[in-house]
Amino acid sequence: MILDEIDYKIMRCLKKNARIKASAISEEISLSVSAVIERIRKLEASGIITGYTAIFDEKLLGNDMTALMEVSLEHPRYYDSFCELIASIDSIVTCYYMTGDYDFMLRIVTDSSDSLERIHRRIKSMEGVSATETHFVLKGVKNEYSVIPENDGRN
């Protein structure tokens, strides 16, 4: 699917508020409601829009502890079992496989240092994990979920 500036405008509106009505988008970008709905359907069908979600205030939910954990594996053969473990721990909200000194970066959100310690022990004791380094997040400064270009690259 080739995107144009109207698609990007629609996506920016949805990024700000995924619950925005097509009529409000229509008004904001000067396009008919039916055209907005059709474009959103095409963005969904093409896989560009993969879903809609709610974003919660972690602290109000009692999750006062956020940490970033870097993890190294002894050998790539441990990749699959490590990924399975990570997928099974709800407090691990993000996992990136990456280049550099460590193989993975995990973002862990939990209610206490005790809970974080249990997760830390579980990961460190897993066969194939050779090293970890954990960083405590003091404050979130920016938390975006996607980047939408300012234009379609042709301007």
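These legends accompany close-up views of a predicted model. Local features need pLDDT of at least 70, side-chain atom pairs count only at pLDDT 80 or more, and totals for chains, interfaces and linings use all residues. Residues are numbered from 1 along each chain as its sequence is written, and side-chain values use heavy atoms, with hydrogens and water left out.

**View 1. The four-stranded open sheet.** The strand order is β2-β3-β1-β4, with antiparallel pairing. Strands are DSSP runs of E, at least two residues, and helices are runs of H or I, at least four residues, both numbered from the N terminus. Two strands pair if DSSP finds at least two bridges between them. β2 (92-97) and β4 (129-136) are the edge strands; each has a single partner, so one side of each lacks a neighbour in the sheet. From one strand to the next, the twist averages 20°.

**View 2. The β1 and β4 pair.** Strand β1 (residues 65-73) runs antiparallel to β4, and seven bridges join them. Val 71 stands opposite Thr 132 in β4.

**View 3. Helices α4 and α5 on the sheet.** Helix α4 (residues 79-88) packs on the sheet and touches β1, β2, β3 (104-110) and β4. Its direction makes about 15° with that of β3. Helix α5 (residues 113-124) also packs there, touching β1, β2, β3 and β4, at about 160° to the direction of β4. Angles run from 0 to 180 degrees between N-to-C directions, with axes fitted to C-alpha atoms, for helices over the stretch in contact.

**View 4. The largest nonpolar core.** A nonpolar core is a set of buried Ala, Val, Leu, Ile, Met, Phe, Trp, Tyr and Cys residues joined through side-chain atoms within 4.5 Å. Buried means under 20% relative accessible area (1.4 Å probe, protein chains only). Of the 19 residues here, Val 71, Phe 82, Ile 92, Leu 106 and Ile 123 touch the most other members. β1, α4, β3 and α5 each supply at least two residues. β1 gives the most, with five.

**View 5. Surroundings of Leu 106.** Neighbours within four places in sequence are left aside. Contacts (heavy atoms within 4.5 Å) of Leu 106 include Met 69, Val 71, Phe 82, Ile 92 and Ile 123.

**View 6. Helix α2 against helix α3.** Helix α2 (residues 22-29) and helix α3 (residues 33-45) pack at about 110°, with axes 8 Å apart. That makes α2 roughly perpendicular to α3, a term for angles of 65 to 115 degrees. Ala 22, Ser 23, Ile 25, Ser 26 and Ile 29 in α2 meet Val 33, Val 36, Ile 37 and Ile 40 in α3.

Methods:
Buried < 20%, exposed > 50% of the residue type's maximum accessible area, 1.4 Å probe, protein only. Parallel < 35°, antiparallel > 145°, perpendicular 65-115°, else oblique.
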